[in-house]
Number of protein chains: 2
Amino acid sequence: MPREELNQIYIAVVGAGGVGRHFLNQLAAIAPKYPNIHLLLVARSTKSLAAPDHTKPLSFQTWEADLEKSTAPALDNDQIANFFYKTPRHCVIVDNTSNQDVADLYPQFLYSEVSVVTPNKKGFSGYLGLWKRIEDAAFHHLYPGQVRGLLYHESSVGAGLPVISTLKDLIDTGDKVQKIEGVFSGTMSFLFNNFAPVDGKGGKWSAEVAKAKEAGYTEPDPRDDLNGVDVARKLVILARICGLEIESTDSFPVQSLIPVELESVKSGDKFMEKLPQYDSSMEEVKNEAVKEGKVVRFVGSIDVGKKALKVGLEKFDKGHPIAGLKGSDNIISFYTERYGANPLIVQGAG
Amino acid sequence: MPREELNQIYIAVVGAGGVGRHFLNQLAAIAPKYPNIHLLLVARSTKSLAAPDHTKPLSFQTWEADLEKSTAPALDNDQIANFFYKTPRHCVIVDNTSNQDVADLYPQFLYSEVSVVTPNKKGFSGYLGLWKRIEDAAFHHLYPGQVRGLLYHESSVGAGLPVISTLKDLIDTGDKVQKIEGVFSGTMSFLFNNFAPVDGKGGKWSAEVAKAKEAGYTEPDPRDDLNGVDVARKLVILARICGLEIESTDSFPVQSLIPVELESVKSGDKFMEKLPQYDSSMEEVKNEAVKEGKVVRFVGSIDVGKKALKVGLEKFDKGHPIAGLKGSDNIISFYTERYGANPLIVQGAG
């Protein structure tokens with residue numbers, strides 16, 4: 001195959017909602033710099049837009065209008081799995097959904113030399129068996145041996161922050177990771193930086209949740225953030241990269257900030273209405289920290305040696321990097337053999 | 001060529017002093033995991049050890065003793081440049097020297113498909129012409145087109161911290177870097193974290209320099225740290241990656257902490273002897289910051305829009321991440337269009 005042919009990259013995007021649209025528009029902005037990248041498919045849950053073949057790619061500039069006009073139906077799993085059947089190397093599936101059934105296809109993609117790029121956490125934080133099959137199927141570029149697709153899911157933890165690449169680099173180069181600790185949720189970060197700031201001010205818990213909801217920092221139903229499951233999923237991903245065989249997010253303590261009485265309330269709006277009745281318990285937690293000269297934060301941690309994962313409230317000295325976080329920033333600290341007492345820290349918008 | 005052949009990686013290490021020995025021993029520790037990595041050459045300034053050919057590589061486990069026993073002389077530049085002449089792909093030169101003349105060979109390596117991995121700053125912070133030739137010669141993996149070597153010099157800034165890879169990722173994916181600011185020197189970090197800690201204590205300047213020297217945090221002559229040139233070199237590297245054509249470290253203000261009167265003092269020991277006489281000026285700088293409720297730190301910054309680089313003392317609020325640094329940690333903040341007011345921060349031992 002001529003070298004030029006080898007340098008071409010063919011992309012299929014599954015999921016074109018908020019994240020997918022943003023991704024495609026970022027790609028459109030840099031497309032002139034990379035004329036070897038070609039878009040062949042945009043698939044939504046309701047419709048799809050496919051290039052007739054790899055020599056006639058879709059337009060990065062007009063994909064959205066073209067998809068709008070398209071009358072082609074949504075693709076089923078088999079159609080997605082077989083999409084690149086006639087396309088030459090190198091093919092990439094970008095999964096911008098948060099669907100389990102797309103994640104279930106990753107091993108099939110990877111074995112047929114289709115690379116996978118995704119922020120979808122389901123393949124890596126769901127059942128252990130799938131994670132193992134994905135890992136077996138992916139090409140590990142430091143130890144090549146077979147024809148496989150590459151796997152990148154950097155943004156499944158810490159969004160654009162270099163978290164997974166940093167962790168893998170540490171491990172690949174022989175460092176021993178001892179502990180990972182951090183604030184893994186932009187929503188939780190925003191809530192606690194405002195509820196219990198270092199300077200001692202801060203509003204009532206329910207008021208801060210309402211403020212975060214209005215500012216668009218929470219899910220439509222804030223309980224989807226407050227239950228801690230999103231943080232737990234991210235911990236599972238990092239722990240498995242560290243070599244721990246964590247079965248699921250049910251395998252370790254995850255503290256939910258939803259009052260038990262409000263777990264079954266029907267709607268997010270009803271939940272918000274009743275939340276002020278439960279402010280006193282969060283106020284108590286905050287005051288207890290203040291008495292010790294500390295602040296409370298919602299963190300996740302992995303003790304690699306003890307194979308212990310934990311998600312929930314912790315108290316931190318005011319001078320601790322986790323205490324001083326701003327806005328909705330994430331912070332992830334890697335404690336390793338090489339770095340010793342002072343961890344390698346990655347911090348920024350999540 | 002059979003696929004197995006393509007997966008083999010051949011390494012030549014130039015420079016086997018402190019850094020080189022550490023590198024080779026790290027590689028030895030992970031070698032069992034990567035049986036496709038082969039060591040073909042270890043070259044020092046006084047002698048060398050070469051494998052007879054690529055099918056009979058050197059031992060990662062006994063290279064040090066084998067080099068000791070070797071009677072082969074040091075290699076000259078032509079011999080290093082042509083070392084991989086008969087080796088199949090993929091060859092890698094690991095330059096662990098800090099020599100300009102080895103850096104001058106990088107374009108030649110890269111054009112002949114030999115990859116370059118190095119912490120040596122000379123090729124990237126020296127004269128602009130060499131940097132451009134190196135950039136032209138390197139394979140840019142997002143935009144391939146020709147047979148070229150890969151180029152990795154991550155540890156030329158921030159040692160093991162993911163600084164260059166993070167910056168390149170931001171740029172490659174279309175983010176606009178506005179400003180980079182940080183503490184780029186472990187020595188300067190250690191000095192100022194002890195001289196002007198957030199809690200207001202801290203010893204005399206000359207005493208802190210002496211303490212740092214004893215603890216092995218400075219060069220044998222501490223003036224090689226205090227002149228700010230090492231930080232300036234790192235800024236030049238990052239600025240050039242941002243697209244700024246900085247001619248050299250002389251193109252922007254670099255504040256030296258060496259009292260003018262002591263610049264020409266002959267030895268590092270004599271310098272240390274006389275330094276206490278100049279403590280008052282640093283004390284003044286520290287007190288001025290304290291009056292404003294701040295602390296003083298030695299930082300480097302790049303304002304990309306204004307094409308302005310600067311190295312020297314700056315005052316920071318006590319709550320600023322740069323003020324709260326510990327030990328000899330580096331911290332690098334990337335302010336970008338996407339990240340907005342809160343930068344992406346990478347922090348840890350430098």
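Tutor: In this predicted model, helices H10(B) and H11(B) cross in the right-handed sense, meaning that the near helix is turned clockwise from the far one by less than a right angle. H10 spans residues 186–195 of chain B and H11 residues 205–214 of chain B, and their axes come within 10 Å and cross at roughly 135 degrees, where axes are lines fitted to C-alpha atoms over the stretch in contact and angles run from 0 to 180 degrees between N-to-C directions. H10(B) is therefore oblique to H11(B), the class left over once angles under 35 degrees (roughly parallel), over 145 (roughly antiparallel) and 65 to 115 (roughly perpendicular) are set aside. From H10(B) the contact (heavy atoms within 4.5 Å) draws on B:Phe190, B:Leu191, B:Phe192, B:Asn194 and B:Phe195, and from H11(B) on B:Trp205, B:Glu208, B:Val209, B:Lys211 and B:Ala212.

In chain A, the loop between helix H11 (205–214) and helix H12 (223–226) holds A:Glu219, helices being DSSP runs (H or I) of at least four residues, numbered from the N terminus. An unreviewed UniProt entry annotates A:Glu219 as "binding site", although such annotations may be inferred rather than shown by experiment. A:Glu219 counts as partly exposed because its relative accessibility is 39%, between the limits of 20% and 50% (1.4 Å probe, protein chains only). Beyond neighbours within four places in sequence, A:Glu219 is in contact with A:Asp224 and A:Asp225.

Residues are numbered from 1 along each chain as its sequence is written, and chains are lettered from A in the order written. Local features need pLDDT of at least 70 and side-chain atom pairs 80 or more, while side-chain values use heavy atoms, without hydrogens or water.

Terms used. Helix = DSSP H or I, 4+ residues; strand = E, 2+ residues; numbered from the N terminus.
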